[in-house]
Amino acid sequence: MKPLNPDTAPEPGYEKAQTKNGFLALVSRLVFDEKLPIRFIYKTVPEHLNDTGWRMFTGYETDEFLANEQLNLLPISLDKVCNLDPALTELVQYNAGTVWERTPESSEWQQVHDFKIPVPTTDVQITNDVEDFMKSRERS
């Protein structure tokens with residue numbers, strides 16, 4: 001298999017060449033509370049065995065809304081989400097790194113190639129100095 005060029009779209013078929021695991025997607029609370037349609041989805045690397053990696057949004061989420069992920073992104077069965085919107089059934093077969101959107105004026109999904117999928121970060125400090133290490137432990 002040729003390496004992917006980040007400046008071009010992947011070759012057809014590549015997006016579905018991955019083993020699928022998990023059954024949950026994280027879906028914006030606005031889909032259920034406000035009855036808004038899903039209009040933006042992406043698949044990240046799953047965080048645990050039950051996670052598919054799919055993240056689904058309405059497009060009306062603010063940065064503040066998204067900052068409180070535990071409250072505002074609900075773990076929902078992928079089957080339930082696909083029952084709510086059957087147009088998602090084909091899209092959820094794609095691999096991590098896949099991004100899709102549809103505009104309010106259209107029912108057709110378009111693949112997105114210029115969106116940078118967010119990745120969780122962990123603040124890690126590394127030291128080889130035993131005294132610095134002991135000081136940092138005392139502060140925590």
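The average pLDDT for the chain is 85, and 82% of the residues score at least 70. Residues 1-5 are another story: their pLDDT is below 50, and beyond near neighbours in sequence this stretch has four contacts in the model. Where pLDDT is low, the predicted coordinates should not be read in detail.

## The parts list

You'll find six helices and six strands in the chain. Starting at the N terminus, the elements go β-α-β-β-α-α-β-α-α-β-β-α.

Of the 140 residues in the chain, 33% are buried. Now take the contacts between residues at least 6 apart in sequence: 65% of them join residues at least 24 apart.

Six strands make up an open sheet with mixed pairing, in the order 4-1-3-2-5-6. At the edges sit strand 4 (73-77) and strand 6 (110-112), each of which pairs on one side only. From one strand to the next, the twist averages 25°.

As for what holds such a thing together, strands of a sheet pair through backbone hydrogen bonds, either parallel or antiparallel.

## A look at one pairing

Which way do strand 1 and strand 3 run, and how many bridges join them? Strand 1 (residues 24-28) and strand 3 (residues 51-57) run parallel, with three bridges joining them.

Key:
Residues are numbered from 1 along each chain as its sequence is written. This is a predicted model: local features need pLDDT of at least 70, side-chain atom pairs count only at pLDDT 80 or more; totals for chains, interfaces and linings use all residues. Side-chain values use heavy atoms; hydrogens and water are left out. Two strands pair if DSSP finds at least two bridges between them. Helices (H or I, at least four residues) and strands (E, at least two) are DSSP runs, numbered from the N terminus. Axes are lines fitted to C-alpha atoms, for helices over the stretch in contact, and angles run from 0 to 180 degrees between N-to-C directions. pLDDT is the predictor's confidence in each residue, from 0 to 100. Contact means heavy atoms within 4.5 Å. Buried means under 20% relative accessible area, exposed over 50%, partly exposed in between (1.4 Å probe, protein chains only).
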